[in-house]
Amino acid sequence: MSSFDYSALSVDDIRSGLAAGDFKARDIAEAALTCIEAADASINAFLQVTPDAAFAAAEAVDAAVAAGKLDTLGPLAGVPVGFKDNMNLLGTRTTCGSRMLENYESMYTATCVQRVLDAGGLPMGKLNMDEFAFGSSTETSAFGTTKNPWDLERVPGGSSGGSAAAVAAGMTPVTLGSDTGGSIRQPASFCGVVGVKPTYGLVSRYGVVAFGSSLDQVGPFARNVRDAALALNALVGHDDKDCTSQPCSTDFTANLNEGVEGMRIGIVPVFMTAEGLEPEVGEAVLGAIQKLAAAGAEIVEVDLPNAAAAMSAYYVIGPCEAFSNLSRFDSVRYGFRDPGHADLGSQYEASRSGGFGAEARRRIMLGSYLLSAGVYNTYYYPAQQVRTLITDDYRMAFGECDCILAPASPRTAFKFGEISDPATMYLSDIFTISINIAGNGGMSVPLGLGSDSGLPVSAQLICPWFEDEKMLRVAAALEREYGAAPIAPSYADLTASSGEPAPSSDLGGE
Amino acid sequence: MTEHVTKADVRRIAEYARIGLTDDELPQMTEDLNSIIDSLKPITEYDLEGVEPTFHPIGDLSNVMREDVEGLSFTQEEALSNAPAKQDGSFLIPSILGGGDAS
C-alpha cells in the first residue's frame, strides 16, 4: 500500500480505494483522526472526537470488504462523517453548544446519524454550533467559537458552523447539519462548501434536538455535489419515529450529469437588488446565471411578492416554536440544575437562566411574549397567514421554472464580534429564511472567491417540494463551471499527507 | 422605538417562561425585545382578510402513522440516567408545596 492524500478523497474515491485494496477503512479512520488533530487545534470545529466509534465502524467495513461484500455496504462505506452536536449518538454527549446540556449523555442514536452508520459511515465526532442553533456565526456556543478555515479572524457562519468548517478544512468529506432558517446554507456559503437543506419531510429529525419543529430539517455538507447526493441517498426516507418524514425512493445521483439544457431557471429580481447584498456576491450570482444560460438553461424572472415578510414571519414562528420546545429543560429529568434550591420554582428559574445563554434566553422570552393572550392575534396568527402567502408565492413561481437561483448569504464571512446587534445578525438569513417557511429544498453551491474580499461566495438553489434532485442537477452543472469546493488554502498542505496506511500491527483505538 | 413591552411586562414574561432575570439584566432584555418586536412590524401591516393560516409546511401531506403496537422503550434506569438528582427510581425535586424539606 502506498500513502494516499486523505483530504482529497471523494466518497467515490474511498469506495474504489477500498475495492482496489489501496487502503482499508481503518487507514481512512486513522487519517481522519490525524487530520482532525492537525487542523482542529486552530479551528475548533469538533466538540468531541470519537476514535473508538470510528474504528469500530471501520472494522465492520473492512470485514465486509475482506469477505468480498463491499457491494452490500451502503453509499457511505468507509467515509468519515461528523455530526452537529444537536444530533444524538449513543456513547457521546449531545450538548447543543449549551451549558444546559454540557453533561448530557445520549441515551439513543438519532435516525439521521443511524442512517449514516447503516450506510457504512465512520462517526468521527460531534461538531460545534450556535447554542440550540440560535445564531448565524457559531459565536453563541458555550464552548468557544469555531474559526473559518479561510480566515481565522472570521466566523464560519452558523448555526452549523462546525459542520461547515470541518469540511472546508478537509477534516471529513461529509458532515451533517440542521437548518431552521439558513443554518446549513449560510455556513456552507461562508466556508465555501456544498450544503443542502432538503425539502421539509425528506429526512427524519428523530433524535435531533428540536428548535422550530415546523421549520427544522437535517442535511449534508460536502466538498462536491455528488458526495452530498450520496449522503442524501443514505439519509432520506420515512422513519416511524418522525411522522413528518415521507417515503422516498429517489436516487439523488441519477441525473447529476444531465446538464441544464432545457431547464427553466428562475431568478428573483427583488433578491438581486436587496438592501445589504454585497456587490461581489451579486456579481458572482449574476455570473452563475450567465453560465447556466450559456449551458442551455432558459432564464426566467419569477416574482415572490411576499418574500419581504418572511423575515418577520420567521422571527414570530421560530421563537414561538423554540419557546415551546425548550420548555422541556426543567432541571429535573436532564440538563443543568442550579444546586441548593429549597423550592422547585426558584430551581426552575435559576437553572434555566444559568443553563441558557443570552440568545437562547432572548428567543425564549420573545416566544413567551408572542404566545401570550392578546398578543397571539397580533403576531402569531397573522404570521401563519403570511406563511400561506409565501408558500403560495413559491408554488406559483415553480409553475414557471424548475429551480430558482438566488444568493445564499448577502455577504461573505464577517469578523468575530463584527455584528453584535441581534436584529442585524438576523439579516444574515434574508435569502434563506423564506424557504424554511415554505418547506422547499434549498442548497448552497460554491462560486469561487469574491472579487473584493477573496473569501468564498455562493449561490443558493431552491427546488419545488420533493424535487431536490433538480437543484442537485443544477448544482452539478455549476460545479462543472466553477470546480468542486477547494480545501481552504492554509489547510490543504497541512492535511494532504495525512494518509499513511497503518502498519500491520494493531495500533488500537484512542 | 415604540415601547411594546415595559420592564414590568418583561418581568412577567420571564416568570411565565421560567427564566430568572436579575434587576441588572432587565433593562437590556427590555431593550432587546422592543427592538426585535419592532422588526416584526411587517406582519401587522398585511391585509390578511380571508387568508387561511399555514401552521405546518407542506400541508397537503398527511402524517405517516404507524400501527399502535408495543415496542421497545427506555428502561427506568436509562430514563433516569441523565437526571441531576434521583432517589428510589424517581426524579428527585425540591418541595413544590412549600414548608417541606427536600430530604
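User: What should I know about the numbering and the model before we start?

Analyst: Residues are numbered from 1 along each chain as its sequence is written, and chains are lettered from A and ligands numbered from 1 in the order in which they are written. This is a predicted model, with local features needing pLDDT of at least 70, side-chain atom pairs counting only at pLDDT 80 or more, and totals for chains, interfaces and linings using all residues; side-chain values use heavy atoms, with hydrogens and water left out.

User: How do you know that the span of helix H3 of chain A agrees with what a helix should give?

Analyst: Helices (H or I, at least four residues) and strands (E, at least two) are DSSP runs, numbered from the N terminus. The expected span of a helix is 1.5 Å times one less than its number of residues. H3(A) has 16 residues (51–66), so it should span 22 Å, and its end C-alpha atoms are 22 Å apart, which agrees. Just after H3(A), Gly68(A) takes a positive phi of about 75°.

User: Which residues of H3(A) are buried, and what covers them?

Analyst: Buried means under 20% relative accessible area, exposed over 50%, and partly exposed in between (1.4 Å probe, protein chains only). Among the buried residues of H3(A) are Pro51(A), Phe55(A), Val61(A) and Asp62(A). Their cover includes helices H1 (11–20) and H2 (25–43) and strands E1 (46–49) and E3 (122–127) of chain A. Contact here means heavy atoms within 4.5 Å.

User: Why is Ser7(A) called buried?

Analyst: Ser7(A) has 3% relative accessibility, so it counts as buried. You'll find Ser7(A) in the segment before H1 of chain A. A polar atom of its side chain lies 2.9 Å from the backbone oxygen of Gly170(A).

User: What makes Arg473(A) and Glu258(A) a salt bridge?

Analyst: A salt bridge is a side-chain nitrogen of Lys or Arg within 4 Å of a carboxyl oxygen of Asp or Glu. For Arg473(A) and Glu258(A), the closest N and O atoms are 3.8 Å apart, and the pair forms a salt bridge. Arg473(A) lies in helix H16 (residues 468–482) and Glu258(A) in the loop between helix H7 (225–235) and strand E7 (264–267) of chain A, so the pair ties together parts that are 215 residues apart in sequence. Arg473(A) is buried, with a relative accessible area of 16%. Over all chains, the structure holds 23 salt bridges.

User: How many residues apart are Asp392(A) and Arg395(A), and are they buried or partly exposed?

Analyst: They are 3 residues apart in helix H13 of chain A, about one turn of the helix. At 31% relative accessibility Asp392(A) counts as partly exposed, and so does Arg395(A) at 44%. As for H13(A) itself, 15 of its 21 residues are buried, and the helix is mostly covered. H13(A) covers residues 380–400 and reaches 31 Å from its first C-alpha to its last, close to the 30 Å expected.

User: What makes Lys470(A) and Glu467(A) part of a network?

Analyst: Lys470(A) forms a salt bridge with Glu467(A), the closest N and O atoms being 2.5 Å apart. Salt bridges that share partners join Arg264(A), Asp402(A), Glu467(A) and Lys470(A) into one network. Lys470(A) is partly exposed at 22% relative accessibility, as is Glu467(A) at 26%.

User: How much area do chain A and chain B bury between them?

Analyst: Buried area is the accessible area (1.4 Å probe) that two parts lose on being put together, summed over both. Chains A and B bury about 5300 Å², with 69% of it on carbon and sulfur atoms. The contact takes 68 residues from chain A and 54 from chain B.

User: Which salt bridges join the two chains, and how many are there?

Analyst: The count between chain A and chain B is 2, one of them being Glu25(B) with Arg361(A), whose closest N and O atoms are 3.3 Å apart.

User: What is chain B built from?

Analyst: Chain B has 4 helices and 2 strands, running α-α-α-α-β-β from the N terminus on. Buried residues make up 29% of its 103 residues.

Terms used. A polar contact is a pair of N or O atoms within 3.5 Å; within protein, one must be able to donate a hydrogen and the other to accept it, and residues adjacent in sequence count only if both atoms are side-chain atoms.
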